[in-house]
Amino acid sequence: MKKIDILDLSPKELEDLVSGLGERPYRVSQLARWIYKKNIRSFEEMTDLSKGFRSTLKDVARLSSIRLRREQTSRDGTKKFLFELEDGSRIESVLIPDAHRLTLCISTQVGCLMGCAFCLTARLRRIRNLRPGEIVDQFLAVRELSPYGVTNIVFMGMGEPLDNFESTVKAIEILTHPGYVGMSPRRVTVSTSGLVPEIAELGERAPVNLSISLNASNDRLRSRLMPVNNKYPLKTLIEAGASYPLSGRGKLTFEYVLIKDVNDAKSNAVELVGLLRGIRCMVNLIPYNEAPPLEYQTPERDRALQFQKVLIDGGIRAMIRKSRGRDILGACGQLVADYPLEETDARSGAQPSAVAALPS
Ligand code: SAH
Ligand code: SF4
C-alpha cells in the first residue's frame, strides 16, 4: 500500500486521518506542531505521541522532504534556492529581504503552461504540478535556513498557482492555519496570469491577497503577450479582480511588467487608467528583467517614471518595483531551475498552442 504523505494533507484531511486511526483530536495539533512548527520529519522523534500511535503512523504514512541542491546570494541580498523533488524534478524559491520584510517567493509548478511570451519559465512548458507538501516544504526549508525567518509569502515563483488549484488551496490552508504554519493570510499573496473562474473560487476557499499580472493595456496586446487573454479578456479579468473578497487591510494588486517599446508608451498608461478607473487597487510596475535568449528589453528609467506619472495623475496608486536578484537570475520571470531551454522555441514568442492547452 502506498503511504500517505502527511505534508500533502489539508488540516481537515489530517483530522480525518487521525480520527480514522482511532486517535483523539488533540493528537492532530501535536502532530501539526512537530511538522510545521518544529520541522521534524521522523515520527520517532515526536516524543509526546504514544509509541503505538507512532508505529501506526509509520505503517500508513510518511513525511516527504525536498532537498536543497544549491543556494545563491545576490549582491542585493536576495537568495535563490534550487530544490530537488523526490522524482528528480527541480524548482526554485527566492527569498527577498527588504527594510521590513523577508518575502519568500515560492513555486507551484515545475515549468508553466501559460505560454507568456516574455517569461523564461514558460519555455519549460508544464513539466508537472507540485503537490501541496512540495509547495509548503519550500517555506519550511527556507525558514530553517534563514536566520530571521520568513515574514511574507508570495506565490510568484515558477508556475501558475491557479493552474494547480487544489494543491495551491491546500498549501494556503496549511500555511495560514494557526495550529499549522500559522502565517497571517494578509501576509500571503497569490499572483495569477488571470484564470477567472479560479480567481472567484480562491476568494471563496482561501482568501489571501490577490495580484493579477496585467502586463498590457488592451486586449490585442495582451493576447499577444499572454495567450490566457484569448480565453479571459481584460474586462472579465478586471471584474473578477474587483469582486474578489479582500479583508480589511487586504489589497488587490495589478502587476504590470514594463517592456521596452512593447507596452511602456504613454498611450498604454492612459489606456490603463481607463481600465482601472473606480477600482480600489494598486499597480506594481515591474521593469522587465531581461531573460536571454528572450529578446525583450528593460525600458529606460525615464519611461517607467513617465508611465507611473500618468497613472498617478489618473488617480491610480502606482509603484515602480525595484528588481531584486537579477544577477543570480532570481528575479520574476527568470526562474528555470537549470532546465535547458531550446533556442528555437525561445524565439517564437507566445505559443498559440498554449491557448488550446489552457486549463478549462
Ligand atoms: N504565474 C503567475 C506567478 C508567477 S510569474 C503570474 O504570472 O502571475 C510572477 C510575475 O513575474 C508575473 O507578474 C509576471 O508577469 C512577471 N514576469 C514574468 N517574466 C518577467 C520578466 N522577465 N521580468 C519581469 N517580470 C516578469
Ligand atoms: Fe507562467 Fe506567470 Fe510565466 Fe506567464 S508569467 S508563463 S503565467 S509563470
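How many nonpolar, polar and charged residues does the shell around ligand 2 have? There are 5 nonpolar, 2 polar and 1 charged residues in that shell. Here Ala, Val, Leu, Ile, Met, Phe, Trp, Tyr, Cys and Pro count as nonpolar, Asp, Glu, Lys and Arg as charged, and the others, Gly among them, as polar.

A quick word on the ground rules: this is a predicted model, where local features need pLDDT of at least 70, side-chain atom pairs count only at pLDDT 80 or more, and totals for chains, interfaces and linings use all residues. Residues are numbered from 1 along each chain as its sequence is written, chains are lettered from A and ligands numbered from 1 in the order in which they are written, and side-chain values use heavy atoms, with hydrogens and water left out.

**Ligand 1**

- Ligand 1 has 20 residues around it, and Ser 191, Ser 213, Asn 215, Tyr 288 and Asn 289 come nearest; a residue is near a molecule if one of its heavy atoms lies within 4 Å of it.
- Sorted by class, that shell holds 9 nonpolar, 9 polar and 2 charged residues.
- Now for polar contacts (pairs of N or O atoms within 3.5 Å): the side chain of Asn 215 has an N or O atom 2.9 Å from an oxygen atom of ligand 1.
- Glu 160 has a side-chain N or O atom 3.4 Å from a nitrogen atom of ligand 1.
- Asn 289 brings in its backbone, with an N or O atom 2.9 Å from a nitrogen atom of ligand 1.
- On its own, ligand 1 exposes 530 Å², and the protein buries 96% of that; accessible areas come from the Shrake-Rupley method with a 1.4 Å probe.
- Strand E10 (188-192) and strand E12 (252-258) are the elements that give two or more residues to the shell around ligand 1; strands (E, at least two residues) and helices (H or I, at least four) are DSSP runs, numbered from the N terminus.

**Ligand 2**

- Around ligand 2 you'll find Cys 112, Met 114, Cys 116, Cys 119, Ala 122, Gly 159, Glu 160 and Ser 193.
- Ligand 2 sits in the largest cavity, meaning more than half of its atoms lie within 2 Å of the cavity's grid points.

**Cavities**

- Cavities and pockets are found on a 1 Å grid over the protein atoms alone: a cavity is a set of points where a 1.4 Å probe fits but cannot get out, a pocket is an open set with protein on both sides within 12 Å along at least five of seven lines, and lining residues have an atom within 4 Å of a point.
- The count comes to 2 cavities of 30 Å³ or more.
- The largest cavity holds about 490 Å³ of space, and its 30 lining residues include Phe 118, Cys 119, Met 156, Ser 213 and Gly 333, the closest to its centre.
- That largest cavity is also the space taken by ligand 1.
- Its lining divides into 17 nonpolar, 11 polar and 2 charged residues.
- The second largest cavity has about 40 Å³ of space, and its lining is made up of Ser 64, Ser 65, Ile 66, Glu 86, Arg 131, Gly 133, Glu 134 and Asp 137.

**Largest pocket**

- About 1,200 Å³ of space lies in the largest pocket, a volume being the space filled by probe spheres set on the grid points.
- It has 36 lining residues, with Asp 98, Arg 101, Thr 103, Asn 284 and Arg 321 nearest its centre.
- The lining splits into 13 nonpolar, 12 polar and 11 charged residues.

- Pro 292 and Pro 293 are joined by a cis peptide bond, with omega about 10°.
- Pro 293 is in the loop between E13 and helix H11 (301-313).
- Asn 39, a residue other than glycine, has a positive phi near 60°, and lies in the loop between helix H2 (26-37) and helix H3 (51-60).

Methods:
Polar contact = N/O pair within 3.5 Å; in protein donor to acceptor, adjacent residues only side chain to side chain.
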